[in-house]
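Please look over the sequence and the structure, and then follow the account below.

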Amino acid sequence: MLPPTGCLARPLVPKPSRKAVRRWGRGAAGAAAAILLIAGSGEAQTGRVKALGADDYRWQLVSLRGDTTSLGAWRGKVVVLNLWATWCRVCITELPSLMALRDSLSGTDAVVAAVSAESAERVRGFVAKRRIDLPVYLEWSPMPKSLGVLVLPTTLVIDRDGRIVLRHQGLADWGRPEIVEFVREVAGRE
């Protein structure tokens with residue numbers, strides 16, 4: 001496993017084993033994990049659903065405009081939270097697909113957001129230069145260790161009840177119809 005500051009930079013597409021697919025489980029979450037693994041590189045996890053705790057909800061973020069918020073501001077919504085960095089080539093590669101996912105989720109109250117631990121100046125310049133049309137936040141307080149983010153990019157899909165229903169480390173094509181359908185299904189659950 002790469003250190004916390006590492007970046008998955010190999011765009012290889014490993015084929016999931018039957019054992020891995022069984023481990024992910026059946027149904028939409030297992031299918032989404034298999035699709036993500038096939039659609040990119042890295043590791044997708046479902047099955048062991050972890051609920052966010054009070055400390056997780058207190059995680060403070062600041063928008064590029066300077067507005068502070070917390071993960072708790074999105075409580076009750078489906079959240080696709082991408083943790084990335086401007087120096088991470090894999091992170092940069094998947095940003096357009098996150099914008100496509102966000103566009104595909106219009107009409108739902110799902111939130112697609114990207115969070116970086118870098119300086120505001122660096123991220124602001126990068127977002128402007130690359131024309132990233134996505135809500136981008138910076139860490140205002142340290143990320144809770146309980147989120148389990150060790151590699152960039154890591155993307156979490158959090159359901160309305162605050163459960164992490166999908167964790168993906170590495171490159172993924174978030175705009176794929178199967179993934180959009182999975183997130184819409186999570187968003188449709190009440």
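N82 stands opposite A114 in strand β6. The model is a predicted one, in which local features need pLDDT of at least 70, side-chain atom pairs count only at pLDDT 80 or more, and totals for chains, interfaces and linings use all residues. Residues are numbered from 1 along each chain as its sequence is written, and side-chain values use heavy atoms, with hydrogens and water left out.

**Strands and their pairing**

Strands (E, at least two residues) and helices (H or I, at least four residues) are DSSP runs, numbered from the N terminus. Two strands are said to pair if DSSP finds at least two bridges between them.

| Strands | Sense | Bridges |
|---|---|---|
| β5 and β6 | parallel | 5 bridges |
| β5 (residues 79-83) and β8 | antiparallel | 5 bridges |
| β8 (residues 154-158) and β9 | antiparallel | 5 bridges |
| β2 (residues 50-51) and β9 | antiparallel | 2 bridges |

Individual residues mark these pairings. V80 has V157 in β8 as its bridge partner, I158 stands opposite I164 in β9, and A51 stands opposite R163 in β9. Strands β8 and β9 form a hairpin with 4 residues between them, and G162 in the turn has a positive phi of about 80°.

**Burial of the strands**

A residue is called buried under 20% relative accessible area, exposed over 50%, and partly exposed in between, for a 1.4 Å probe and protein chains only. In a regular strand the side chains alternate between the two faces of the sheet. Strand β6 (residues 111-116) is mostly covered, with 6 of its 6 residues buried. From β6, V111, A113 and V115 point one way, V112, A114 and S116 point the other way, and all are buried.

Strand β8 is likewise mostly covered, since 5 of its 5 residues are buried. Both of the faces of β8 are covered: T154, L156 and I158 are buried on one side, and T155 and V157 on the other. In strand β9 (residues 163-169), 6 of the 7 residues are buried, so the strand is largely enclosed by the rest of the structure.

R167 lies in strand β9. This arginine, R167, is buried, with a relative accessible area of 12%. The C-alpha atoms of R167 and N82 are separated by 9.9 Å, while the two residues are 85 residues apart along the chain.

**Helix α6**

The 12 residues of helix α6 (residues 177-188) should span 16 Å at 1.5 Å a residue, and the end C-alpha atoms are 16 Å apart, which agrees. The expected span is 1.5 Å times one less than the number of residues in the helix. In α6, the residues I179, V180, F182, V183, V186 and A187 are buried. Seen down the axis of α6, these buried residues fall within an arc of 160°, so they line one face of the helix. The arc is that of the directions from the helix axis to the C-beta atoms. On the other side of α6, P177, E181 and G188 are exposed.

**Backbone features in loops**

Which peptide bond is cis, with omega near -10°? It is the bond from L152 to P153. P153 is found in the loop between β7 (136-139) and β8. In the loop between α5 (120-130) and β7 lies R131. The phi of R131 is near 55°, a positive value in a residue other than glycine. R131 is exposed, with a relative accessible area of 72%.

**The cavity**

On a 1 Å grid over the protein atoms alone, a cavity is a set of points where a 1.4 Å probe fits but cannot get out, and lining residues have an atom within 4 Å of a point. Grid points are joined across faces, edges and corners, and a volume is the space filled by probe spheres set on the points. By this rule the count comes to 1 cavity of 30 Å³ or more. The largest cavity has a volume of about 50 Å³. Its lining consists of L52, Y57, L71, W74, R75, G76, K77, V79, I158, D159, R160 and G162.

Technical notes:
On a 1 Å grid over the protein atoms alone, a cavity is a set of points where a 1.4 Å probe fits but cannot get out, and a pocket is an open set with protein on both sides within 12 Å along at least five of seven lines; lining residues have an atom within 4 Å of a point.
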